[in-house]
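Please take a walk through this structure with me. Keep the sequence and the 3D view open as you read.

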Amino acid sequence: MKSVWKDTAKLPHFPQLHQDIRTDVLIIGGGIAGLLTAYYLQQNGVKYVLVEKDRICSGTTQNTTAKITFQHSLNYHKILKSNGLEAAQQYLAANKRAFEEYARLCQSINCDYEIKDNYVYSVGDRRLPEDEMNALRKIGYQAELCEKIDLPLQTAGAVKFANQAQFNPLKFIAAVSQGLNIYERTFVREMVGNTAVTDYGKISAGRVIAATHFPFINKHGSYFLKLYQHRSYVIALENAQDVNGMYVDESKTGLSFRNYGKLLLLGGGGHRTGHKGGSWNELRNFAGAVYPKSKEKYFWAAQDCMSLDDIPYIGQYSKSTHGFYVASGFNKWGMTGAMTAAMLLTDRILGKKNDCAGVFNPSRSILKPQLLVNGFESTKNLLTFSKKRCPHLGCALKWNSAERTWDCPCHGSRFAENGKVLDNPANGNLH
């Protein structure tokens, strides 16, 4: 199981930490969010260190579909309704800036950057794209409502954002990460104040950024209530279709389409981590029916942190943790989410005002319907009898037969058959 990105890009190697060190800013997590933050801090002359428990981009970043867009499902209608006009406008502005920054950087990086239109479609509910169009008009963005799209399925309409982009994320990271101050295979086991404890050394920092996908410190911020994780699957097909754009169903369990060279990347089969879903079988059945001459070249899976209100958590980790910051909950839109986080957190470190910071405040209201779902899932699985329990907060683990892993339905930690931790927030193996 290997993504096309992993097979087409070579990332630089970095040393392991073997001593105690001090720094002004410590970044924990070597995915694209942490690496971009390190890049901008270095550009601004800030003394920093980034640590990654494995190799850089060995988690979610290497398994993305790598769409660079500020169209995040049919999200603007939801944000306008639940958070108001100003929040929706801030969200759009921040993600447009992120998009524009990728465009600037990719001018000088060979990362297969391509301009493509992006479409979010609805299979059965015409009202959903119409509501999104109405919301976008109020916010001040001009999109297009499409009656038909060039996909082999029936839809009720789609919202089109013209001139978005796609790229090879690991080729991009291979260039951006050159010369950064990074330690790989350096697992932060615990935080004691602003000191990170690793296996072979301690890192004392003035300020700390947790860019670990799912925040790993439970006693602050209530991220175990504010986030859940969602798995989705991808197959890369030869001899399929050139869709000439990027397409995604508004439903979290629907299909997505984009091309990379001569390959069609077909995504879907999604489900909450620890639950059952269609996985690769759903995608292979669809491909067999509509692309009978296609051949599968790659297959892989991704895992995304989902927030309560479809907006990431970027900023101070909690009200009581001054000098400790977080970037998480990108809701399947990690490319612009990561860039937005890097730009916002860099401004925060430099003491610059950012007009879009408010909408991403991690301490905003948690009184959203998803909170009840997350709470119910945790309570149910804490009370479920099982010999296999997650070391994070003790939830009963479920067997994932498609990937042969033990998965946590509460917070999304995953473990190999031999007990090795694969995905956080758990930071230890099964015993």
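What follows starts with the whole chain, then turns to one helix, and ends with the cysteines and a proline beside them.

This is a predicted model. The chain has 10 helices and 21 strands. Along the principal axes, the C-alpha trace spans about 60 × 50 × 45 Å.

How much of the chain is buried? Buried residues make up 61% of the 431 residues. Contacts tell us about the fold as well. Take the contacts with a separation of 6 or more: 72% of them join residues 24 or more positions apart. The accessible surface comes to about 18,000 Å². Carbon and sulfur atoms hold 49% of that surface.

Now go to helix H5, residues 127-139. The helix has 13 residues. From first C-alpha to last it reaches 18 Å, close to the 18 Å expected at 1.5 Å a residue. Which residues of H5 are buried? They are Pro129, Glu132, Met133, Ala135, Leu136 and Ile139. Seen down the axis of H5, these buried residues fall within an arc of 165°, so they line one face of the helix. An α-helix has 3.6 residues a turn, so residues three or four places apart point the same way.

Look at the other side of H5. There, Arg137 and Lys138 are exposed. What covers the buried residues? The cover includes two helices, H3 (75-83) and H4 (85-106). It also includes two strands, S5 (144-146) and S6 (158-166). After H5 comes glycine 140. Its phi is positive, near 110°.

Cysteine 146 is a buried residue, with a relative accessible area of 8%.

Next, the cysteine pairs. How many disulfides does a search of the whole structure find? It finds 1. Cysteine 395 and cysteine 410 form it, with their sulfur atoms 2.1 Å apart. The pair links distant parts of the chain, 15 residues apart. Cysteine 395 lies in the loop between helix H10 (369-382) and strand S18 (398-400). Cysteine 410 lies in the loop between strand S19 (405-407) and strand S20 (414-416). The link is left-handed, with -100° about the S-S bond. Are these two cysteines buried or exposed? Both cysteine 395 and cysteine 410 are buried.

The cut-off for a disulfide is a pair of sulfur atoms within 2.5 Å. Cysteine 390 is buried too, with a relative accessible area of 3%.

Finish at proline 409, in the loop between S19 and S20. Cysteine 410 is in that loop as well. Proline 409 counts as buried, at 2% relative accessibility. What is in contact with proline 409, leaving aside its neighbours within four places in sequence? The residues are Arg272, Thr273, Gly274, His275, Glu377, Asn381, Ala396 and Lys398. Consider alanine 396 among them. Alanine 396 is 13 residues from proline 409 along the chain, and their C-alpha atoms are separated by 7.8 Å.

Note on methods
Residues are numbered from 1 along each chain as its sequence is written. This is a predicted model: local features need pLDDT of at least 70, side-chain atom pairs count only at pLDDT 80 or more; totals for chains, interfaces and linings use all residues. Side-chain values use heavy atoms; hydrogens and water are left out. Helices (H or I, at least four residues) and strands (E, at least two) are DSSP runs, numbered from the N terminus. The expected span of a helix is 1.5 Å times one less than its number of residues. Buried means under 20% relative accessible area, exposed over 50%, partly exposed in between (1.4 Å probe, protein chains only). The arc is that of the directions from the helix axis to the C-beta atoms. Contact means heavy atoms within 4.5 Å. Accessible areas come from the Shrake-Rupley method with a 1.4 Å probe; for residues, only the protein chains shown count as cover.
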